[in-house]
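Please read this briefing with the sequence and the model side by side. The points are grouped by topic, from a single residue to the contact between chains.

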Amino acid sequence: MKIKTLLLVLFLSLAWLSPLTKAAAGEWKAGGIINVATIGEPPTLDPSVSTADVVAVISQHFFETLFAFGEGFSVKPLLAEKMPSITPDGLNYAIQLRQGVKFHNGKEMTAADAAASVRRWLKVAVRGKQIADSVKEVAAEGKYTVRITLATPYTPLLALLAMPTSMAIIIPEELTEGDLKEYVGTGVYKFVEHQPDRYVRVVRNDAYQPHPDPADLYAGKRTAYADEIRFIPVPSPNTRLEGGLSGQYQYADQLPIENYSRLLGQANVQPVMTAPYGWPMIFLNCREGMMANLKIRQAVQAALSQEDMLAVAFGEPEYYQVDGSMYPKGYFYHNERGLELYNQADPVKARELLGEAGYTGGTLRILTSMQYEFHFKMAQVAAENLREAGFNVDMNVVDWATLTQQRNDPKLWDIYFTHSPFVPDPYLNNFFNDGYPGWWVDSRKTELANKFNSEPDLRKRALILEDIQQLWYEEAANIKIGNFNLLGALAKNVKGYIPSSWPSFWNVAVE
Amino acid sequence: MKSYLGKRFVGMVAVMFMVATVTFVVIRVIPGDPAALMLGPEATAVDIEALRSRLGLDLSLATQYLTFLSDLLRGDLGNSIFLGGRPVLRILADRAEPTVCLTLIAIVVAMAVGIPSGIISASRRGSLADQATVSVAMGLASAPSFWLGLAFMQFFSVRLGWFPTSGYGDPGAEFLERMRHLALPGLVLGLVNSALITRFTRTTLLDILSDDYIRTARAKGLGEWPVIMRHAFRNALVPILTVVGLTLALLLGGAVVTETVFNIPGVGNLVVSSVLRRDYPVIGGSLLVIAGVYVLVNLAVDLAYLLIDPRVKY
């Protein structure tokens with residue numbers, strides 16, 4: 001097992017490093033078409049209004065942001081020339097734009113466009129609206145400088161401006177009013193055509209002005225090697241897999257992890273793993289019902305065996321990590337505070353806590369969906385863990401659309417299963433939002449969050465996050481199950497692809 | 001005849017009205033919210049409510065129903081919530097070609113396999129050929145089409161590379177290229193549906209072959225094949241046509257599983273994806289059109305009886 005793991009790590013490392021060096025050397029020829037099988041039809045092509053990953057994956061090829069993430073979620077300039085100058089009080093951000101960048105309609109991008117775009121983002125985007133109250137003004141200063149003035153310091157601002165979901169896209173000023181009907185950005189590819197449920201076509205933007213910095217994940221120099229990329233919605237994972245194996249798709253996204261071995265040893269296709277990709281989690285209903293009682297939440301926490309849940313959901317240990325930290329090892333924000341409360345699998349302790357809570361056998365309602373099979377499998381294990389601890393459990397298995405609606409009603413559930421990729425800034429985790437289904441409202445959380453958001457020093461932020469993680473565990477409002485990897489299938493003639501949370505195909509060539 | 005057609009037309013309007021009403025109510029009663037799905041997993045309740053209001057989903061069910069009916073009377077099935085706000089009719093028109101072509105391929109395969117198999121099976125009742133045919137037909141009828149589809153995909157597309165695995169061709173693909181994408185799903189769908197035709201043909205022929213006029217034909221010295229083809233099969237055509245017609249109508253409504261497995265952008269696939277994302281106007285419009293097609297095909301089959309059986313009068 002250890003040798004397999006080492007080989008996997010070696011393979012991933014080589015796969016990661018090799019394209020960077022070759023891309024830097026410019027060894028690849030331009031041309032060809034990349035067919036990407038995505039997990040489904042994007043609900044919209046306006047990435048500001050949706051936080052759906054599939055929208056981000058597609059639209060990041062024709063829309064760009066002022067900043068983007070490099071390795072390790074470091075924020076780097078993209079349409080901005082450099083990192084902004086920030087006043088010592090953390091309230092004023094002066095963002096210098098790159099000059100000569102053109103929109104796909106031929107017009108040069110100016111500060112007026114960028115300022116209007118950021119204002120639109122604050123108005124329409126899910127993430128933008130979250131901070132709109134903290135923003136006093138967004139204004140153009142001269143032709144190439146945008147100034148953002150805040151009412152209170154807000155350190156995650158740059159991470160939000162770099163996020164691919166609920167994206168702060170920069171578009172021509174004249175398109176910033178009303179619904180977005182034309183997809184005119186500055187991206188390395190240009191939007192051509194959207195045939196719903198068939199494809200979204202983008203073609204190389206020959207007038208693209210890349211950032212001069214070296215390529216660094218989503219940041220730095222972007223080169224369009226392929227003439228065209230087609231994002232093809234293929235909702236059935238088995239069909240994506242077979243299409244990848246047959247060579248019809250150069251990249252098939254989000255395959256069932258158990259297909260890893262089937263992709264190994266293929267002549268034309270290889271597995272690519274984003275490891276780790278994200279974390280499955282349980283939200284507990286802190287607003288209504290039995291979970292409003294802290295002792296009962298702690299009993300749930302004590303009863304669960306995350307290790308069993310992960311093993312049942314993902315199979316081989318190469319595909320997941322039993323890790324309770326908010327961020328995995330190797331990430332800047334990784335810490336181990338509170339982890340003694342993770343993966344307890346202690347039904348005796350859970351029973352004691354239930355006794356202390358005065359639990360009288362009320363039904364614990366688990367809300368889960370089979371559309372994400374791993375959610376369902378984890379919920380089944382959790383249900384057994386909880387029954388063993390003395391809970392009376394009822395599973396409510398619904399489709400994802402139903403779950404996303406029912407979770408908004410605190411009367412309908414006690415715990416539900418979901419998952420998230422690791423987000424660049426810890427504050428983007430949903431449990432920070434008091435209004436997010438789960439409704440964890442706690443004055444200590446708010447106080448720590450405010451401190452965290454106004455602290456510009458990264459090391460100090462990491463220390464504050466340790467306190468937040470400790471509180472997060474003690475309050476058991478949101479329970480992490482572990483880390484899981486994401487599997488894709490990549491044609492062997494595709495070079496330069498770097499596995500990431502939102503697959504991108506610039507700096508990627510077809511040979 | 002005119003009075004018959006008139007009655008059928010009135011019946012059709014009543015059926016369509018019922019379908020429209022039931023569909024409207026059912027899709028709004030089931031849980032799920034298109035606004036929540038469109039905004040993504042991190043949307044807040046306030047964002048979701050604002051979008052619901054923009055889409056008119058916050059209006060009372062009665063108001064929404066009256067708007068829907070008045071639009072329907074004007075031939076407007078509404079606009080999709082998700083697919084770029086396009087008119088539902090236009091979306092359905094785009095999906096018609098793959099579904100109609102897939103249906104035609106499947107029905108040709110089903111008839112080409114099912115009718116001869118049924119005839120051979122009936123003519124050699126109790127023989128090894130009969131038992132084999134019945135067994136294969138039962139196997140095909142029992143095999144889940146998603147399993148058969150994936151098995152065919154693995155063998156013919158991945159291993160042999162003869163067909164594309166899925167989809168409906170590249171942008172701007174020629175007609176023949178689009179049909180190449182439909183060949184494998186058409187074969188799967190045809191084989192699955194051939195089972196019913198085989199069994200129906202066999203049973204009907206066996207009934208007819210025991211009739212007196214068949215005995216008379218044999219007594220006149222006619223060979224077995226002329227007896228079967230000229231006398232028995234012609235009389236078996238009416239029930240066979242009924243089965244073929246029903247199969248055709250069902251397939252035109254969208255072969256949901258096959259279209260989903262092979263990722264064909266047809267009507268069946270549209271219905272499934274619309275239900276999953278709760279695209280109310282598309283679900284309602286699609287089901288209405290499917291019901292209309294079903295009723296019309298049935299009418300066409302009933303009229304076709306006039307051509308093949310002179311005893312039938314309306």
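Phe374(A) counts as buried, because 20 C-beta neighbours lie inside 10 Å of this residue, and 20 or more is the number that the term buried requires. The structure is a predicted model.

**Phe374(A) and its surroundings**

- Leaving aside residues up to four places away in sequence, Phe374(A) touches Pro280(A), Ala313(A) and Phe314(A).
- Phe314(A) is 60 residues from Phe374(A) along the chain, and the C-alpha atoms of the two are separated by 7.1 Å.

**Helix H10 of chain A**

- Helix H10 of chain A spans residues 347-357, and its buried residues are Pro347(A), Ala350(A), Leu353(A) and Leu354(A).
- These residues are on the same side of H10(A), because they cover an arc of only 115 degrees around the axis.
- The exposed residues Val348(A) and Gly355(A) are carried on the face of H10(A) turned away from its buried side.
- Helix H8 (294-303) and helix H11 (373-388) of chain A are included in what covers the buried residues of H10(A).

**A sheet of four strands in chain A**

- Which order do the strands of the open sheet follow? The order is E4-E5-E7-E6 (chain A), and the pairing is antiparallel.
- Strand E4 (85-86) and E6 of chain A each have a single partner strand and stand at the edges, so one side of each has no neighbour in the sheet.
- Strand E5 (residues 92-96) of chain A runs antiparallel to E7(A), and five bridges join the two.
- Within this pair, Ala94(A) stands opposite Arg147(A) in E7(A).
- Helix H3 (residues 111-124) of chain A packs on the sheet and touches E6 and E7 of chain A. The direction of H3 makes about 160 degrees with that of E6(A).
- Strand E6 (residues 135-141) and strand E7 (residues 145-150) of chain A pair in the antiparallel sense over six bridges. Here Val135(A) stands opposite Leu150(A) in E7(A).
- The hairpin of E6(A) and E7(A) has three residues between the strands, and Gly142(A) takes a positive phi near 70 degrees there.

**Two domains in chain A**

- Chain A is divided into domain 1 (2-250 + 493-510) and domain 2 (276-485).
- The C-alpha centres of these two domains of chain A lie 30 Å apart.
- In chain A, 16 residues of domain 1 are in contact with 13 residues of domain 2.
- On the domain 1 side of this contact, helix H1 (2-25) and helix H5 (157-162) of chain A are the elements that give two or more residues. The largest share, three residues, comes from H1(A).
- That side of domain 1 divides into nine nonpolar residues, six polar and one charged.

**Contact between chain A and chain B**

- Chain A has 41 residues in contact with 39 residues of chain B.
- On the side of chain A that touches chain B, the elements that give two or more residues include helix H4 (126-131), strand E8 (189-195) and strand E9 (199-204) of chain A. Helix H6 (237-246) and helix H12 (400-406) of chain A are also among them.
- H6(A) gives the largest share of this side, six residues.
- By class, the side of chain A that touches chain B has 13 nonpolar, 20 polar and eight charged residues.

Conventions
Residues numbered from 1 in each chain as written. Chains lettered and ligands numbered in written order. Predicted model: local features only at pLDDT ≥ 70, side-chain atom pairs only at ≥ 80, totals over all residues. Contact = placed C-beta atoms within 7 Å. Nonpolar A, V, L, I, M, F, W, Y, C, P; charged D, E, K, R; others polar. Domains from an automatic or database assignment. Pairing = 2+ DSSP bridges. Axes fitted to C-alpha atoms, helices over the stretch in contact; angles between N-to-C directions. Buried ≥ 20, exposed ≤ 12 C-beta atoms within 10 Å, placed from the backbone. Arc of directions from axis to C-beta.
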